[in-house]
Amino acid sequence: MLFPELSNYYPDVFPSSIFTIEKFLWARAIFDSRAINMKIGGQVKTCLVPFVDMINHSFHAHVPAGQFDDNLQVFKLTANSPCPSGQQIFLHYGALKNWQLLLYYGFLIQENYYDTIPIYFELPEDDLMEQKRDLMDFLNLSCEHFIKK
């Protein structure tokens, strides 16, 4: 387990009076609820970007997504619609289902377009099983489907 092992092996670097499991869980929750993924130098990295975590989500956002400018070495937010002075701006967090919004951001959207319910089925085992799988592959079908409200 990460704690108290870090403090046991490296007490000068991770003193147990400061590095506790409670503080680690708090820091992890902060990171998980505020970090964003962005491509930097061709690699996707998860980063904390000051102030961006304070922009609320909307499916009809002023800012569809931010991006890192490798040439300028800055994170940019570019609006695709006018942002009236003194008004809140919104960011599109992505095509997320309500369980993802609740888990990572702490809110739900009542009429969430991206909410789906997965439905799985299995093909019955019989002598035609191989032909059925081949036909499903040929038709690009799967045993996993999603329904929307």
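## Salt bridges

Four salt bridges are present in the structure, a salt bridge being a side-chain nitrogen of Lys or Arg within 4 Å of a carboxyl oxygen of Asp or Glu. Side chains of opposite charge can pair when their charged atoms come close. The model is a predicted one, in which local features need pLDDT of at least 70 and side-chain atom pairs count only at pLDDT 80 or more, while totals for chains, interfaces and linings use all residues. Residues are numbered from 1 along each chain as its sequence is written, and side-chain values use heavy atoms, with hydrogens and water left out.

One of the salt bridges joins the side chains of Asp32 and Arg28, at 3.0 Å from N to O. Both residues belong to helix α2 and stand four residues apart, about one turn of the helix; helices (H or I, at least four residues) and strands (E, at least two) are DSSP runs, numbered from the N terminus. Asp32 is partly exposed at a relative accessible area of 34%, and Arg28 is partly exposed at 44%. On this scale, buried means under 20% relative accessible area, exposed means over 50%, and partly exposed lies in between (1.4 Å probe, protein chains only).

Another salt bridge links the side chains of Asp53 and Arg34, again with an N to O distance of 3.0 Å. Asp53 sits in the loop between β2 (43-47) and β3 (56-57) and Arg34 in helix α2, so this pair ties together parts that are 19 residues apart in sequence. Asp53 has 33% relative accessibility and counts as partly exposed, as does Arg34 with a relative accessible area of 34%. In a further salt bridge, Lys76 meets Asp69, with the closest N and O atoms 3.0 Å apart. Lys76 is partly exposed at 32%, whereas Asp69 is buried at 17%.

## Nonpolar surface patch

Leu2, Ile21, Phe24 and Leu25 make up a nonpolar patch on the surface, and together they have about 320 Å² of accessible area. Accessible areas come from the Shrake-Rupley method with a 1.4 Å probe, and for residues only the protein chains shown count as cover. Patches consist of residues with over 30% relative accessible area and no salt bridge; like charges are joined within 9 Å, and nonpolar side chains (Val, Leu, Ile, Met, Phe, Trp, Tyr) within 5 Å.

Helix α2 (residues 21-34) is the element that gives the most to the patch, with three residues. Phe24 is located in this helix and counts as partly exposed at 31% relative accessibility.

## Largest pocket

The volume of the largest pocket is about 570 Å³. Its lining comprises 23 residues, and those closest to the centre are Ala35, Ile36, Asn37, Tyr93 and Tyr105. Two or more lining residues come from each of α2, β1 (36-40), β5 (74-77) and α3 (98-105), and α2 gives the most, with four residues. By class, the lining has 14 nonpolar, six polar and three charged residues. Here Ala, Val, Leu, Ile, Met, Phe, Trp, Tyr, Cys and Pro count as nonpolar, Asp, Glu, Lys and Arg as charged, and the others, Gly among them, as polar.

Grid points are joined across faces, edges and corners, and a volume is the space filled by probe spheres set on the points.

## Positive phi values

Most residues other than glycine have a negative phi. Gln73 has a positive phi, near 60 degrees. Gln73 lies in the loop between β4 (66-69) and β5 and is exposed at 53% relative accessibility.

Asn140 also has a positive phi near 60 degrees. Asn140 belongs to the loop between α4 (129-138) and β8 (144-148), and its relative accessible area of 70% places it in the exposed class.

## Separations across the model

Thr20, in the loop between α1 (2-9) and α2, is partly exposed with a relative accessible area of 23%.

Leu123 is placed in the loop between β7 (116-120) and α4 and is buried, at 18% relative accessible area. The C-alpha atoms of Leu123 and Val44 are separated by 38 Å, the two residues being 79 residues apart along the chain.

Conventions. On a 1 Å grid over the protein atoms alone, a cavity is a set of points where a 1.4 Å probe fits but cannot get out, and a pocket is an open set with protein on both sides within 12 Å along at least five of seven lines; lining residues have an atom within 4 Å of a point.
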